[in-house]
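Colleague: I should like to learn how to read the features of a model such as this one. Please take me through them in order.

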Amino acid sequence: MGCIRIGKGAALVFVHGFLSGLSYWEKQIEGLSNHFEVIAIDLPGYGGETEVTGCNKVADFADAVLARLDAIGVSSFHLVGHSMGGMIAQEIALKAPQRVNRLILYGTGPIGSLPGRFEPLETSRVKVLQDGTGEAKAYTVESWFVKGRQDPNYPAGMELARQVSLQSYVNALQAMNDWSSVERLDQISAPTLVVWGDKDQSYIWLQPHTLWENIDNTDLAVLPGCSHNAHLEKPELFNQIVRDFLSKDKPLT
């Protein structure tokens with residue numbers, strides 16, 4: 001998997017979501033690498049790893065991330081997961097609790113079927129199998145920003161999305177739709193921060209609220225006027241929230 005590793009301090013691992021890649025974290029790499037050793041990873045099938053097919057199980061994505069961290073010698077870390085990457089982060093926290101110091105679940109939830117999404121995952125699957133992924137990618141990425149296609153980050157987001165193969169696209173929909181952590185949330189032991197944009201069309205309030213209510217030792221940050229990609233829409237605010245949470249009380253390393 002493609003990987004960026006920069007900065008000094010406690011390891012801070014970023015896991016991107018559906019149709020994305022490690023470059024989605026450019027503003028976090030720039031803003032946080034003075035405070036942490038920032039590690040951003042391309043999932044199989046995404047970013048610099050589109051020559052391989054993406055997994056069709058969230059647990060397999062989690063295993064891939066852990067294997068990559070093993071390969072570069074990172075044994076313990078803070079973990080940020082966005083969207084599908086937040087599902088992967090939950091799975092990592094459940095699989096390897098001794099390795100995750102603090103956990104940030106951002107724009108995500110425990111219900112993989114995404115109730116209340118702008119369209120059901122099955123609808124997306126049927127559309128792309130009939131018509132290809134082009135239009136679906138465009139309106140999906142558009143929905144991630146309050147300003148839609150007018151957001152200055154939309155073109156770069158679309159470029160990442162265009163590179164994802166049809167099979168990786170369909171596999172990700174299956175991975176999410178088949179996955180849930182609802183019954184396992186009380187097993188997550190890492191201190192956790194849930195971050196959500198109040199205009200998110202992919203993960204309605206039910207999703208972050210369920211995380212917040214069912215994971216012990218959890219804080220909640222709601223970013224006003226942001227959609228699914230709050231880290232791009234308001235990066236300074238997002239980065240400050242991350243720094244504050246990771247330095248809360250006695251920093252963990």
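Modeller: We begin with helices: the expected span of a helix is 1.5 Å times one less than its number of residues. Helices (H or I, at least four residues) and strands (E, at least two) are DSSP runs, numbered from the N terminus. This is a predicted model, in which local features need pLDDT of at least 70 and side-chain atom pairs count only at pLDDT 80 or more, while totals for chains, interfaces and linings use all residues. Residues are numbered from 1 along each chain as its sequence is written, and side-chain values use heavy atoms, with hydrogens and water left out.

Colleague: What span should the 14 residues of helix 2 have, at 1.5 Å a residue?

Modeller: Helix 2 (residues 58–71) should span 20 Å, and its end C-alpha atoms are 20 Å apart, so the two values agree. After helix 2 comes Gly73, with a positive phi near 80°.

Colleague: Which residues of helix 2 are buried?

Modeller: Buried means under 20% relative accessible area, exposed over 50%, and partly exposed in between (1.4 Å probe, protein chains only). In helix 2, Val58, Phe61, Ala62, Ala64, Val65, Leu66 and Leu69 are buried. With contact taken as heavy atoms within 4.5 Å, these buried residues pack against strand 2 (11–15), strand 3 (37–41), strand 4 (77–82), helix 3 and helix 7 (166–177).

Colleague: Which residues touch the most other members of the largest nonpolar core?

Modeller: A nonpolar core is a set of buried Ala, Val, Leu, Ile, Met, Phe, Trp, Tyr and Cys residues joined through side-chain atoms within 4.5 Å. The largest core here has 60 residues, and Phe18, Phe77, Leu79, Met84, Ile88, Ile92 and Leu103 touch the most other members. Helix 3 (residues 84–95) gives the most to this core, namely 7 residues. Leaving aside residues up to four places away in sequence, Ile88 touches Val15, Leu43, Val58, Phe61, Ala62 and Val65. Another core, of 24 residues, lies apart from it; Leu22, Tyr106, Val195 and Ala221 are among its members.

Colleague: How many salt bridges does the structure hold?

Modeller: A salt bridge is a side-chain nitrogen of Lys or Arg within 4 Å of a carboxyl oxygen of Asp or Glu. The structure holds 8 of them. One joins the side chains of Arg5 and Glu37 (2.6 Å, N to O). That pair links distant parts of the chain, with Arg5 in strand 1 (residues 3–6) and Glu37 in strand 3, 32 residues apart. Arg5 is partly exposed at 41% relative accessible area, whereas Glu37 is buried at 17%.

Colleague: Where do Asp63 and Lys95 lie?

Modeller: Asp63 and Lys95 form a salt bridge, with the closest N and O atoms 3.1 Å apart. Asp63 lies in helix 2 and Lys95 in helix 3, so the pair ties together parts that are 32 residues apart in sequence. Asp63, at 37% relative accessible area, is partly exposed, and Lys95, at 38%, is partly exposed.

Colleague: Is Glu119 buried or exposed?

Modeller: Glu119 counts as buried, because its relative accessibility is 7%. Its side chain meets that of Lys127 in a salt bridge (2.9 Å, N to O). Lys127 has 34% relative accessibility and counts as partly exposed.
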